[in-house]
Amino acid sequence: MKPTNIEDPEYFHKVIDCQFACPAHTPVPEYIRLISEKQYTDAYMVNWVSNVFPGILGRVCDRPCEPACRRGRVEKEPVAICRLKRLCADNRNLGLTDRFPAIPTEKNGKKIALIGAGPASLTVARDLMPLGYTIDLYDEQAKGGGFMRSQLPSFRLPEPVLATEVNYILDMGVHTHFNHRIESMKALLAKGYDAIFVGTGAPRGRDLPDLPGREAGGQGIHIGIDWLAGVIFGHVTSVGKRVLVIGGGNTAMDCCRTARRLGGSDVKVMVRGQRSEMKASPWEIEDALGEDIPIIDNHAPVEFVIEHGHLVGMRFVRTHAVPDAAGEMRAESAGEGPVFFPCDEVLLAVGQLNAFPWIEPDAGIQFTPQGLPELDPRTLQSSLPRVFFGGDAAFGPRNIITAVAHGHQAAISIDLFCRGLSLLDRPAPKVNLAGQKMGVHDWLYHNQVAVTERQAVPVLAKAKTLKDRLLEVELGFDRQVGQAESLRCLNCDVQTVFRAELCIECDACVDVCPESCINFIDNGTEEELRTRLKAPAVHLGQSLYLAGPVASGKVMVKDENVCLHCSLCAERCPTSAWEMQKFLYLSAQAGQP
Amino acid sequence: MTFFRPTFRHPELPPNAAGYRRQDYEGGISTLCAGCGHDSICNAIIQACFELALPPHRVVKMSGIGCSSKSPAYFLAKSHGFNSVHGRMPSIATGANMANRDLIYLGVSGDGDTASIGMGQFMHAVRRNLDMLYIVMNNGCYGLTKGQYSATADKGSKSKKGGINELESIDLCELAIQLGAGFVARSFSGDKQQLVPLIKAGLAHKGLSFIDVISPCVTFNNNPESTKSYHWVREHSEATNTFDLVPFQQTITAEYDGDTVQEVALHDNSVIHLHKHHDAPDITDRRQAIDNLEDHKAQGVILTGVLYINPDSADTHEILHTCERPLNSLAEADLCPDGQILEAINAAHR
């Protein structure tokens, strides 16, 4: 195996599992460390620069970082990264707007149109406004936020939190055109914008049109996302006592919990496949179960049952999981007779679809057979060079943080495009390595890693929250609990850097390493090396760091998998061949060289 | 000095045959200088005990005074221990061994503790062939008093300050072979691949097992001209052989090419398989072993590995014909039998 090239910023970036897993690559350990130092506003700004909506994401993010968190591999549960983000948002200095980038009064003469006021478009605006672009933002709703406003229930995301962070961007001088639905791409193209960004989401909820009784039961059957929007905008104020929610994703969880708040006393979630295969985040499933909502898995809907013109229930067949040709589990009928569940209303949360009825077939934009725009995944540019897509509109339904990541990339592309540069010649990430040693066993970061269980987030009493859909359930960490949780972070951005020429092979690092990560052995292929290390190195996604050879001809091989970044290797190294260096990786943004 | 070590251990490391985890053999955090060879030896002891699946509470660790002798605090925290007066560890170990022969005795000493103040104690413990593993962490200097040469420093070796050692050095391995130790080996703290199996074999051998481990003092004796530096030892050492210890429960599976194999069966039916060149000396021959040591010394080479084994050596208890039961388990009734027994003994002499 060749020595690891630690000059390549992506190597150490990958070691920071949380940041690497985050679509927007937020420097998670950096802001968690700031929280542990009670620098909440600084922590907020680290987030804001990277993911634009810290207060919102601190409540409703899909958290791809948490399953990746190294703490979850050395202990039962990962660091509560998402809730710490909320902590810094809750405790930030509200006067922080003076830290936002200045908006040039003299514009650069380029006009950009953003279609849809969701997270992707808002991110594009946030990135391009400071560069002097003139931006027109169009949305059919009366306010900004997109599906964050229309579909996320207030008990998870209070409206003022959303409004504040959306307004941070709109207040930069974005020309908003709310209550303005774009009906024709060709008309828009004719307006002479230098670039157009489409961030219209995946606005159409899937239906089950072919199930018997669908039409007759019309009054009592709703499309989940439309129903949620109806609740949020005040058109829907009540629901029947017995509600069946069909679907196993996060929308289903929002639907069932909202139904409980509107008078549904017997709410059930019906899932076609197995519980373990559900798409909803585990914590959202838990929250639903905590509100007395049973999740009934292995039940596929077959019929809406209508009596005297009214919906009275649904029939399901039991399913069991059968592996298909590709080895994936599919729900198949178990061959028993249908089961009847009575209900007053049904909410369908069985997926979302993209829909671009306003883009004419001859507008010059190619679509895939699945109805998605043909895009270069790196630049997000469509077949019509000045039209870009992002968010759910680009590759189908994902999540907010992915939309933000798309927004950043689209902003880079639009900026390069407007400056007449190649879209493939993208700016590099900003990186910095900084030594952490202060003195003998004195480090710039908290390296005393202890076994600490994940702190629970306090919640309002169920009896209260079920009565008022506007009451936020989670109260968020207070500063003290948040501090304890922030110290669970293993500082994976503080890298172990090894310099073979200084090593005297005393084995001190090998001996002291609590996790048996470090080895001095004869070189081999990576596959073969993995079989010879002190501790099993079976997680192929986790890199081996190879350096050397050292004087005896052996090489240093470190399995990054469960390294605690505790600094003991550097502390016990007599020659400073090991160093602890903080690696700050900031993803490139528009306008950077 | 490090004062905090996380308690996390690699989640996928399996336990040993007795169900213990490696951390069950660990001790406190080392207070030795960063890079000290002694830390490496401590870890080799931990590894060897872990691999042998010794119950930690059956081990007694003994030491005297010095950097080496404080190291038992850094391994086997769940074992018995005694930190004796300077150089007197062999006497304390003898007493303990007399009281309870069923335990496993591990003595840790340094070159000062053994070759200077404790020389007489060491020699007589070897003569008695006390059933213990005696490890010397040999750095050729007095680390606790700023690095003066010890009695094992090689003649001609140069210290960090530039002074040359003019005195003859004591070769503890040669002495141990001469005085009747049944298992004698030399190793290097920076070579765990060799050291761990040596410690395992030393623990399996009945009678006195002696391992002299060259253990560089990073603070006072690790300059390139010192013959006890990491650099020098790596450049100037030659192994007698490579070997595996096959504990008696296991069957032999490994096959090596090219070398001849010498098998030495130990008291507990463990087997040492030595892989060596066909013209290498026989390690069960005392005279050949000493010649071999001297030959290599003359070439300026440090000979490491198993130097000598006498699988038939008799330990103190055999020599003294003590009873099979540990002496500490003998109660008054055992020690002061009634008159009938006396009668029987007297009758036997009539």
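**Close-up views of a predicted two-chain model**

**View 1. Domain 1 of chain A where it meets domain 4 of chain A.** In this predicted model, 12 residues of domain 1 of chain A are in contact with 11 residues of domain 4 of chain A, two residues being in contact if their C-beta atoms, placed from the backbone, lie within 7 Å. On the domain 1 side, the elements that give two or more residues are α1 (9-15) and α7 (71-74) of chain A, and α1(A) gives the most, with three residues; helices (H or I, at least four residues) and strands (E, at least two) are DSSP runs, numbered from the N terminus. This side has four nonpolar, four polar and four charged residues, where Ala, Val, Leu, Ile, Met, Phe, Trp, Tyr, Cys and Pro count as nonpolar, Asp, Glu, Lys and Arg as charged, and the others, Gly among them, as polar. The centres of the two domains, taken over C-alpha atoms, are separated by 30 Å, with domain bounds that come from an automatic or database domain assignment.

Residues are numbered from 1 along each chain as its sequence is written, while chains are lettered from A and ligands numbered from 1 in the order in which they are written. Because the model is predicted, local features need pLDDT of at least 70 and side-chain atom pairs count only at pLDDT 80 or more, whereas totals for chains, interfaces and linings use all residues.

**View 2. Helices α9(A) and α17(A) crossing.** The axes of α9 (residues 119-128) and α17 (residues 400-418) of chain A come within 7 Å and cross at roughly 40°, the axes being lines fitted to C-alpha atoms, for helices over the stretch in contact, with angles from 0 to 180 degrees between N-to-C directions. That makes α9(A) oblique to α17(A), because angles under 35 degrees count as roughly parallel, over 145 as roughly antiparallel, 65 to 115 as roughly perpendicular and the rest as oblique. Among the residues that make the contact are Thr123(A) and Val124(A) of α9(A), together with Ala403(A) and Gly407(A) of α17(A). The residues of this contact divide into 10 nonpolar, four polar and two charged.

**View 3. Chain B against chain A.** Here 24 residues of chain B are in contact with 28 residues of chain A. Of the elements on the chain B side, α1 (37-52) and α7 (230-236) of chain B give two or more residues, and α1(B) gives the most, with four.
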